[in-house]
Amino acid sequence: MQSSVISTSFQEEADRQENMLRPKMLKDFQGQQRLKDNLAVFVKAARERKEPLDHTFLIGPPGLGKTTLATIIANEMESEIRMTSAPALDKPKDLAGILTNVTEGSVFFIDEIHRLKPALEEMLYIAMEDFEIDWVIGQGPAARTMRIPLPKFTLVGATTKAGSVSSPLSSRFGITCHIDFYTEEELSSIISRSAKIMNVAIDEEAVMLLAKCSRGTPRIANRLLRRLRDFATVMADGNVTPKVVAFGMDRLGIDSNGLETQDRNILRTIIEFYDGGPVGAETLSISVGEAIESLEDFYEPYLIQKGYLKRTPRGRMTTKKAYELLGLPCKRNMDDNQGILF
Ligand code: ADP
């Protein structure tokens, strides 16, 4: 009981810190220029027509700004937002309870929408398309279905796994936004903005260094900035300098490519235990002691994007670049496009 109280307040504090840095309007959302430009047009058009925005599907790895964009959409539409996540919706009545309480034109955000249960997903189809839900009253032969009308709302669904979302659901979204990893320049402007809000003194070179170590992810950039502020406060004069960044990254086990100890462990395991692969995700997750979800959602996308890892139909394989990174001899004949040849 006690531990759940502690973990809840710990989570609340983490959420509070994250919310403090969350951009509120599109103009403050850094990077993703094309996505922002398109969204600005769709929002403006919907507002001019005095209609809710079309249902919007946000796809991208964790920490890239899906929740932030959902709140921005609501703010830009000057509408209310209700937020939930699919694992929190257990029974049809949980979803029906929210849907019947949304207000006209408001945004309903469902995070991790790929984890929605099938019965709830079916309810959502009708809600998205016809703004109605079917509700069964009574049981057995006396049961009858009632259609309940809903206010016109915008569903914003977010997922880290677009491939796990059924096509009937994904095809009901009128707007689809793919959020990519951020460039170092984009991360630099996110870090500078966050440092200003947090009142942290950080010089330009330190910002660039930190951007390089943030795995293309704003949430990680902000988290590392908080840790560097700690190192700067306790071990230096409070200013985050390149020296503080280098020291902090070393202490946190993060290299200049933004790879963490577990990233290197994953690559090393594939090379040393499975001869470079292919190895299945489940076997790999057991070998490295990492939940399959965090392996697939967090670690792999960045390792793939950086060219250290490949997903093939037979499993995960390391590339030549991974051997070079770890300084391990590559005994097999490899080709960067084809993987292991023989
Ligand atoms: P997701 O929902 O994709 O996991 P979030 O929207 O919660 O990610 O974003 C994580 C953090 O990163 C937020 O605190 C937000 O401040 C920051 N962030 C994300 N995208 C941006 C961006 N484009 N510009 C500035 N900050 C961002």
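Analyst: Happy to! Let's start with burial. A residue is buried under 20% relative accessible area, exposed over 50% and partly exposed in between, using a 1.4 Å probe and protein chains only. Val-107 has 1% relative accessibility, so Val-107 counts as buried. Please keep in mind that this is a predicted model, where local features need pLDDT of at least 70, side-chain atom pairs count only at pLDDT 80 or more, and totals for chains, interfaces and linings use all residues. Residues are numbered from 1 along each chain as its sequence is written, and side-chain values use heavy atoms, with hydrogens and water left out.

User: Which strand holds Val-107?

Analyst: Helices (H or I, at least four residues) and strands (E, at least two) are DSSP runs, numbered from the N terminus. Val-107 belongs to strand E3, residues 107–111. The chain has 14 helices and 11 strands, and 45% of its 342 residues are buried.

User: How many disulfides are there?

Analyst: A disulfide is a pair of cysteine sulfur atoms within 2.5 Å. By that rule there are zero disulfides here.

User: Which residues come nearest to the ligand?

Analyst: A residue is near a molecule if one of its heavy atoms lies within 4 Å of it. There are 18 residues around the ligand, and Glu-18, Gly-63, Lys-66, Thr-67 and Thr-68 come nearest. Helix H1 (2–21), helix H3 (66–76) and helix H9 (218–235) each supply at least two residues of that shell.

User: How much of the ligand's accessible area does the protein cover?

Analyst: Such areas come from the Shrake-Rupley method with a 1.4 Å probe. On its own the ligand has 560 Å² of accessible area, and the protein covers 97% of that.

User: And what are the spans of the whole chain?

Analyst: Along its principal axes, the C-alpha trace spans about 70 × 50 × 50 Å. For a sense of scale, Val-107 and Arg-268 are 44 Å apart in space, C-alpha to C-alpha, and 161 residues apart in sequence.
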